[in-house]
Amino acid sequence: MKNSSPLKWFASREGLYYLALALLLVVILPLALDPFRLNMVGKYLTYAFVAIGLVMCWGKAGILSLGQGVFFGLGGYCMAMFLKLEASTPEATAIQSTPGIPDFMDWNQLTALPWFWEPFHSLSFTFIAIIAVPVILAFVIGFAMFTRRVGGVYFAIITQAIAAILTILIIGQQGYTGGVNGITDLKTLAGWDIRTDSAKTILYFVCVGMLFLCLFAARFVQNRKLGRILVAMNAQEMRVRFSGYDVAAFKIFVFCLAAAFAGIGGALFTLIVGFMSPSFIGIVSSIEMVIFCALGGRLSILGAVYGALLVNAAKSGFSESFPELWPFAMGALFIGVVLAFPNGLAGLYQTYVMPLEDRLFKRKPKADKAEPVSQKPVEKKDEGRDYDPMLDQYSPEKS
Amino acid sequence: MNAAKTTSKDFLLAVEGLTVSFDGFKAVDDLSFYLDPKEIRVIIGPNGAGKTTVLDLICGKTKATSGSIKFAGKELTRLKEHQIVHSGVGRKFQTPSVFEDLTVFENLEVSYPQGHSVMGALAFKRDAQVIEAVEEVAETIFLSDALDQPASLLSHGQKQWLEIGMLLIQKPDLLMLDEPVAGMSVAERQKTAELLRRITKDHTVLVIEHDMQFVGDIADRVTVMHQGKVLSEGSIEHVKSDPKVIEVYLGH
């Protein structure tokens, strides 16, 4: 609706928040950090994809998934399989008893490429699979659970169990998956060496670009009627059902959306970090992803990005000096967020910083709303919505 | 949704032999009753008589153990809740259930009968038609001035009206209201009676209510339920003078 004038949107408060994030990620961090640190920020950002999905799924629709690592991992493994096949040319693997297959298969006495690896020779198939594989699994899980009205804690536990199952499966099937070491020693993407500093910098920018695409996709969904239904479903599922909506279909949709975001994040993780292993899939990393989202603010897609960045930066900083203390710090952080500020950083920002901004810029919401009201009263209402982008809430005094 | 063109001879709703058993306890036991189009029927009865369960069964919230519910010739017992809504049955719950995080406008908009599929909800646009429908309903339910307010700021009575409005905007053929005036102030009660009288001009309405004064005000016919069964049925005078009803419900 208000997209009719994108320039105007960038001048709105929400637009400025997006610009600030873009400025930070595109200009400030690349200038301030060396390629190694920038690569680490890129890695943190891949988790932001998962966190954005969790905002939609958990924050908005109230579906807590403790297994987002599964979708992150599937996206990552799809990417890693392509890269591994490209790195396993017959020439490069000439010393193996079966040249031309990935090294870990050879160590595990496999003599031919398993059938499900074959399609990953194709880059376009891989790109499709990165989204399709997580989405299909999410659909199957969602269909099985939501049409039977399994929800809440039960759903969370089941997703956690799935994370455990997938980890065990990958570790157990070493010959097909690389086992506990994961898929390592990745070299090139369609002939382009991903290990150089310049490649890492380019990948960082690709990651930022994809992140904004996902942010806008999430924002689009949340601003449509569908977004309102998700919020409504969270509080009054029965009323939504008796307003004529198939609640299960909406839950499946948002769960699949979160899985798609996670899959993209996982694939970028593989590219940026250079390998994929089951440790990024399991229960612990899945719960960490929920913490990124909770700390950033589970109702704010922008907050989720900051949450992922900050928690991961703290994790690196902390575990460089006190590796054994980090899990405790993380646990304390989570408990602290839940108890003290349930809407996370975004909630704090909205409560404490936004009023300051108002005073600083002497914003007069009424004045800058008065003008277009006469022409398009209802579109204005929508901009009222946009006014509080950090939390999907409306200020009581005429939004 | 208004596919059924019922003639005046046809029943809009025919409930026959309806039974639901919870672990052997029959909350509704071989119940039958019929609603004419445009009729206003009130169900009364002591607590635990199964009144709310009957509404639950009709709207699909509870699945019947046996029996049939035919709405405009369509069997409802095998449909899912949202399909029943699409067939033209609207249900208001006893405690007001509105979307507190959304504005009054958005509450009504979400209930507007369009864009109910996932893709539909993604493509849904707030066009002039929607705005008109919302404003019209808002006027009916006395909430024209509150359209931009979050529903959480409404009073109890206003929430009840909003929920009725959310049903009205669905344009249902049958409206089911569970104790619409419970917990309302006297003023709100009068306004609600007025609202219901206005609604009932062009809807078939099934109401559960305890307030006999209110029942007398609005009902065409009254069904008295007791222990999951119909105890008595007819005009308010008929029911009031029925010794069985006096015995179990109205008191001497």
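This is a predicted model: local features need pLDDT of at least 70, side-chain atom pairs count only at pLDDT 80 or more; totals for chains, interfaces and linings use all residues.
Two strands pair if DSSP finds at least two bridges between them. Helices (H or I, at least four residues) and strands (E, at least two) are DSSP runs, numbered from the N terminus.

Residues are numbered from 1 along each chain as its sequence is written, while chains are lettered from A and ligands numbered from 1 in the order in which they are written.

**The six-strand sheet of chain B**

Chain B holds an open sheet of six strands, ordered β6-β7-β8-β3-β9-β10, with mixed pairing. Its edge strands are β6 (89-92) and β10 (229-234) of chain B, and each pairs on one side only. From one strand to the next, the twist averages 15 degrees. Angles run from 0 to 180 degrees between N-to-C directions, and axes are lines fitted to C-alpha atoms, for helices over the stretch in contact.

Start with strand β3 (residues 40-44) of chain B. A residue is buried if 20 or more other C-beta atoms lie within 10 Å of its own, exposed if 12 or fewer, and partly exposed in between, with C-beta atoms placed from the backbone. Five of the five residues of β3(B) are buried, so the strand is largely enclosed by the rest of the structure. B:I40, B:V42 and B:I44 point one way, and B:R41 and B:I43 point the other way.

The strand pairings with known direction are these:

| Strands (chain B) | Bridges | Direction |
|---|---|---|
| β3 and β8 (204-208) | four | parallel |
| β3 and β9 (221-226) | four | parallel |
| β9 and β10 | five | antiparallel |
| β1 (13-22) and β2 | seven | antiparallel |

B:I43 stands opposite B:I208 in β8(B). B:R41 has B:R221 as its bridge partner in β9(B). Contact here has a cut-off: two residues are in contact if their C-beta atoms, placed from the backbone, lie within 7 Å.

**The four-strand sheet of chain B**

Another open sheet has four strands in the order β2-β1-β4-β5 (chain B), with antiparallel pairing. β2 (25-35) and β5 (74-75) of chain B stand at the edges with a single partner strand each, so one side of each is left without a neighbour in the sheet. In this sheet, B:V15 has B:F33 of β2(B) as its bridge partner. Helix α1(B) also lies across β1, β2 and β4 (66-71) of chain B, running at about 70 degrees to β2(B).

Chain A has 18 helices and two strands. Of its 399 residues, 44% count as buried. Among contacts in chain A between residues at least 6 apart in sequence, 78% join residues at least 24 apart.

A nonpolar core is a set of buried Ala, Val, Leu, Ile, Met, Phe, Trp, Tyr and Cys residues joined through C-beta atoms within 7 Å. The largest one has 182 residues, and those touching the most other members include A:A48, A:L54, A:V254 and A:A304. Helix α12 (residues 247-273) of chain A gives the largest share of this core, 20 residues. Not counting residues up to four places away in sequence, A:L54 touches several residues, among them A:A258, A:M289 and A:A304.

**Helix pairs in chain A**

The axes of helix α9 (residues 197-223) of chain A and α12(A) come within 10 Å and cross at roughly 175 degrees. The two are therefore roughly antiparallel to each other. Angles under 35 degrees count as roughly parallel, over 145 as roughly antiparallel, 65 to 115 as roughly perpendicular and the rest as oblique. In this contact, residues of α9(A) including A:L203 and A:M210 meet residues of α12(A) including A:L257 and A:F261. The contact has 11 nonpolar, no polar and no charged residues. Ala, Val, Leu, Ile, Met, Phe, Trp, Tyr, Cys and Pro count as nonpolar, Asp, Glu, Lys and Arg as charged, and the others, Gly among them, as polar.

**Where the chains meet**

The contact takes 30 residues from chain B and 28 residues from chain A. On the side of chain B, α2 (81-87), α3 (104-111) and α4 (118-123) are the elements that give two or more residues. That side has 15 nonpolar, eight polar and seven charged residues.
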